[in-house]
Amino acid sequence: MRFFAQAFGFFSWVGICHFINLLFISLLIRSGLEILSAHPKLYWNDGCNVGSEWLKFTHKVMPADRLWTATDEQEPFTSWLALPGHMNLGMGRHWHFFSIIFWVLNGAVYVFLLFATGGWRRLIPTSWSIFPAAIHASLIYAHFHLPPPGHPYNPIQQLAYAGVVFVIAPLMIATGAAMSPAVAARFPGYIRMLGGRQSARSIHFIGLVAICLFTIVHVTLVVVEDFPANMSYIIHGRHALEGLSVAIGIGGLVVVAILHVWATQVSLRDPKFVQRTFGAAIEPVRRSLLHDLRSRQAYPRSAISAYFIINGRPPESAEYQQLTQTNFENWRLEIGGLVANPLHLGLKDLRAMQAHSQITLHHCIQGWSGIAQWNGVAMTDILARCRPLGNAHYLVFRSWQEPEPGVTYYEVIDLELASHAQTILAYEMNDAPLEVAHGAPCRLRVETQLGFKMVKWIRSIELVEDYRLLGGGQGGYREDVQFYGPEAGI
Ligand SMILES: Nc1nc2c(c(=O)[nH]1)N[C@H]1C(S)=C(S)[C@@H](COP(=O)(O)O)O[C@H]1N2
Ligand SMILES: [Mo]
């Protein structure tokens with residue numbers, strides 16, 4: 001016991017937080033790049049106007065004469081950069097959200113201890129004189145010399161550390177949260193404050209670059225200044241036991257590297273395992289933070305995007321082709337399963353019901369967005385007509401479209417999401433009948449969720465008790481095949 005107490009006592013709390021931070025921030029960086037690869041373009045406008053990106057990581061040019069979808073724009077990144085690489089958005093997201101939980105908790109403990117121990121005085125400047133002093137120190141760095149050590153940090157160091165902890169880290173959390181469709185739907189003013197969702201996404205990326213640059217400079221200076229002494233300060237908190245500190249520090253880096261290799265391998269080889277185990281940790285957190293948020297969006301007409309990107313290719317079946325030729329005269333939406341009153345509704349029936357209209361921001365899981373007006377019928381009105389039975393908990397939306405031969409596109413939402421005021425079956429987009437590419441004759445809008453939940457070319461709605469026996473059992477086609485989580489609020 002005493003040995004362990006002593007061994008543990010060897011580490012300073014800052015050293016422990018520093019190690020945990022290193023582990024999770026490195027996972028966040030690589031998984032973040034994986035997410036970026038799903039739409040490797042950055043914008044300042046929420047319509048993602050074609051060609052308006054300020055930065056892109058792809059040479060692909062989309063054809064002007066043929067239908068292209070957002071999926072064609074993806075750019076696989078190497079596993080050396082992205083976790084796991086090779087275009088695995090679902091896996092990248094699991095690692096990103098799993099890591100965020102622990103990175104934020106660790107950060108909270110660190111900041112708490114910083115204030116509880118008075119350590120904040122080392123980071124937060126208490127006098128304006130730090131700025132001239134920092135300029136002086138930077139001139140010394142510019143001549144490739146090291147400024148004299150401070151108490152304990154020199155002014156540049158102090159400003160850099162304070163900036164990373166108290167400016168960049170909170171900004172990453174704030175911009176990360178802004179990319180959640182549930183947050184954006186419930187607090188439209190919040191994302192407006194950040195300049196919109198794509199601006200939040202761009203700032204999130206710039207924060208990533210800042211963190212990487214900081215890390216490179218920080219590590220370089222730790223090494224060139226006095227590596228053994230610095231390692232003992234970082235790990236032990238005091239200038240002592242240099243050899244042991246260096247060994248532990250290098251050992252820690254090896255552990256992080258091994259974990260990265262394992263994370264990459266397991267994600268590429270056994271994504272279902274990652275989806276299951278990480279999902280168990282992530283979903284309760286995601287659910288408790290986001291599930292109850294209700295959309296309150298009302299964008300002005302002037303905000304409607306010039307071009308709304310398309311995802312998913314229209315159905316190719318002869319049956320669907322026939323429906324389009326007769327302007328969906330013969331299309332009937334089947335609503336059945338656990339309901340007291342099964343329904344068969346045509347477009348005329350839907351148009352005869354009370355119409356709802358909303359102008360909202362659409363978030364594709366890949367990263368692009370678009371604003372459009374949607375007109376249609378509220379799901380609550382449909383539910384009032386079909387009268388779900390007491391054991392009905394979920395709605396299964398099935399499409400005419402088969403993303404792979406013989407496999408139906410379907411997505412599940414629960415009754416609660418279905419009862420939100422802005423959950424509608426839309427038959428019009430921007431005041432025109434829904435085009436085939438966008439889901440004619442009707443598509444789902446659930447405004448707190450990511451785009452993949454909003455089934456296009458709807459064929460039927462089934463009320464069920466549980467979705468685990470349907471398809472791959474994960475709650476939708478994309479959850480089954482791309483390993484997304486079932487909670488699509490971020
Ligand atoms: N049937 C079907 N519905 C679908 C998809 C699909 O591939 N098939 N893609 C989803 C995804 S990922 C998004 S982002 C939106 C895109 O809608 P849009 O093409 O109108 O922009 O549709 C969703 N609905
Ligand atoms: Mo999407």
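This is a predicted model: local features need pLDDT of at least 70, side-chain atom pairs count only at pLDDT 80 or more; totals for chains, interfaces and linings use all residues.
Modeller: Residues are numbered from 1 along each chain as its sequence is written, chains are lettered from A and ligands numbered from 1 in the order in which they are written, and side-chain values use heavy atoms, with hydrogens and water left out.

Colleague: How many helices and strands does the protein have?

Modeller: Helices (H or I, at least four residues) and strands (E, at least two) are DSSP runs, numbered from the N terminus. The C-alpha trace spans about 80 × 50 × 40 Å along its principal axes. The protein contains 16 helices and 12 strands.

Colleague: What percentage of the residues in the protein is buried?

Modeller: Buried means under 20% relative accessible area, exposed over 50%, and partly exposed in between (1.4 Å probe, protein chains only). Among the 490 residues of the protein, the buried share is 49%.

Colleague: Is A82 buried or exposed?

Modeller: A82 is placed in the loop between β2 and α3. Its C-alpha atom is separated by 8.7 Å from that of T264, 182 residues apart along the chain. The relative accessibility of A82 is 0%, so this residue counts as buried.

Colleague: How many salt bridges are there?

Modeller: A salt bridge is a side-chain nitrogen of Lys or Arg within 4 Å of a carboxyl oxygen of Asp or Glu. By this rule the count is 13.

Colleague: Why does the pair of D72 and R313 tie together parts that are apart in sequence, and how many residues apart are they?

Modeller: D72 and R313 form a salt bridge, with their closest N and O atoms 3.2 Å apart. Because D72 lies in the loop between β2 (55–56) and α3 (89–116), and R313 in the loop between α11 (271–290) and α12 (318–325), the pair ties together parts that are 241 residues apart in sequence. D72 is partly exposed at 29% relative accessible area, and R313 is partly exposed at 39%. The separation in sequence is 241 residues.

Colleague: Which residues are linked with K453 in a network of salt bridges?

Modeller: K453 forms a salt bridge with E479, the closest N and O atoms being 2.7 Å apart. E479 belongs to helix α16 (residues 477–482) and K453 to the loop between β11 (443–446) and β12 (458–464), so the pair links distant parts of the chain, 26 residues apart. E479 is buried at 0% relative accessible area, as is K453 at 2%. The residues linked with K453 in the network are E411 and E479.

Colleague: Is R468 buried or exposed?

Modeller: The side chains of R468 and D466 meet in a salt bridge of 3.2 Å, N to O. D466 is partly exposed, at 33% relative accessible area. With a value of 59%, R468 is exposed.
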